Amino acid sequence: MKYIIGIFQPDRLDDVLEKLTENEIHLATVSNVIGRGRQQGVAEVYRSHKEPGNLLNKVRLEIAVNEGFVDKAVSAIIEGARTGQIGDGKIFVLDLPECIRIRTGDKGNDAIG
Ligand SMILES: Nc1ncnc2c1ncn2[C@@H]1O[C@H](COP(=O)(O)OP(=O)(O)OP(=O)(O)O)[C@@H](O)[C@H]1O
Ligand SMILES: [Mg+2]
């Protein structure tokens, strides 16, 4: 199992979710966050409201998937979020040792989707 974290422009969220749905990936956690990339917010300010500390508004999307869905999820995020401009975002793929559905006690692959 993998835990995929995508951080990208808030105005790309609808498109990313649509691409994920097309790939039968429906479960997700979304947060509004602030962050900065290698330009430290400076050259990217025209794309979003700037917070103190050169931090810019971003969306953080988290998806836990079985191995067979990793490439699909990553591609969907890229397709939905990419404009070719600086600040398009980044994707982190982490190993996920365990997942537990609280209601049933299901674990691992049975619990994830
Ligand atoms: N190494 C990192 N560690 C933690 N968060 C990061 C890292 N790189 C990017 N981020 C997060 O992702 C957001 C988007 O990053 P961004 O797309 O600007 O990356 P970049 O490396 O500067 O690429 P680009 O040159 O395309 O802008 C940042 O605002 C930050 O929240
Ligand atoms: Mg950047």
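1. Ligand 1 takes up the space of the largest pocket. Pockets are found on a 1 Å grid over the protein atoms alone, as open sets with protein on both sides within 12 Å along at least five of seven lines. The model is predicted: local features need pLDDT of at least 70, side-chain atom pairs count only at pLDDT 80 or more, and totals for chains, interfaces and linings use all residues. Residues are numbered from 1 along each chain as written, ligands are numbered from 1 in the order written, and side-chain values use heavy atoms, without hydrogens and water.

2. The shell. Ligand 1 is surrounded by 14 residues (a heavy atom within 4 Å). R38, Q39, G87, G89 and K90 are the closest. Strand β5 (residues 89–95) gives the largest share, three residues. Strands are DSSP runs of E, at least two residues; helices are runs of H or I, at least four. By class, the shell holds six charged, five polar and three nonpolar residues. Asp, Glu, Lys and Arg count as charged, and Gly is among the polar ones.

3. Polar contacts (N or O pairs within 3.5 Å). A backbone N or O atom of G87 lies 2.7 Å from a ligand 1 oxygen atom. For R38, a backbone N or O atom lies 2.8 Å from an oxygen atom of ligand 1. K90 places a polar side-chain atom 3.0 Å from a ligand 1 nitrogen atom. Taken alone, ligand 1 exposes 610 Å² (Shrake-Rupley, 1.4 Å probe). The protein buries 73% of that.

4. Q9 sits in the loop between β1 (2–8) and α1 (13–22). The Q9 side chain reaches the backbone oxygen of G87 at 2.8 Å. Q9 has a relative accessible area of 1%, so Q9 counts as buried (under 20%).

Notes: A polar contact is a pair of N or O atoms within 3.5 Å; within protein, one must be able to donate a hydrogen and the other to accept it, and residues adjacent in sequence count only if both atoms are side-chain atoms. On a 1 Å grid over the protein atoms alone, a cavity is a set of points where a 1.4 Å probe fits but cannot get out, and a pocket is an open set with protein on both sides within 12 Å along at least five of seven lines; lining residues have an atom within 4 Å of a point. A molecule sits in a cavity or pocket if more than half of its atoms lie within 2 Å of its grid points. Buried means under 20% relative accessible area, exposed over 50%, partly exposed in between (1.4 Å probe, protein chains only).
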